[in-house]
Amino acid sequence: MSEKGSGFVSAEAGIEYSTAPWQLETFRNTLQGTLVNNGIDLPGLSDGIQIMDKEIENRKERERERS
């Protein structure tokens, strides 16, 4: 999954180093707002965003379970 030159590397790094869902949401929304919304399509970008979307939901679910 972590092929050099793909968006996966950045998505995985963002997931690995984030400690809260809001951090992933900020990263994801920045990619969406600056690249996708401006018609910039980089290799692995869509897949990376999908990975982050799943991880954001997973982390939110874990937070709900802890509360």
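Modeller: Two residues are in contact when heavy atoms lie within 4.5 Å. This is a predicted model, in which local features need pLDDT of at least 70, side-chain atom pairs count only at pLDDT 80 or more, and totals for chains, interfaces and linings use all residues. Residues are numbered from 1 along each chain as its sequence is written, and side-chain values use heavy atoms, with hydrogens and water left out.

Biologist: What share of the contacts in the chain with a separation of 6 or more comes from residues 24 or more positions apart?

Modeller: The chain has 3 helices and 0 strands (helices are DSSP runs of H or I, at least four residues, and strands runs of E, at least two, numbered from the N terminus). Among contacts with a separation of 6 or more, the share from residues 24 or more positions apart is 56%.

Biologist: Which residues of helix 2 are buried, and on how wide an arc around the axis do they lie?

Modeller: Buried means under 20% relative accessible area with a 1.4 Å probe, protein chains only. In helix 2, Pro21, Leu24, Arg28 and Leu31 are buried. They lie on the same side of helix 2, because the arc they cover (taken from the directions from the helix axis to the C-beta atoms) is only 100°.

Biologist: Which side chain makes a polar contact of 2.6 Å with that of Ser18?

Modeller: Ser18 sits in the loop between helix 1 (7-17) and helix 2, and is buried at a relative accessible area of 10%. A polar contact is a pair of N or O atoms within 3.5 Å; within protein, one must be able to donate a hydrogen and the other to accept it, and residues adjacent in sequence count only if both atoms are side-chain atoms. A polar side-chain atom of Ser18 lies 3.1 Å from the backbone oxygen of Ile15. The side-chain partner at 2.6 Å is Arg59.

Note on methods. Buried < 20%, exposed > 50% of the residue type's maximum accessible area, 1.4 Å probe, protein only.
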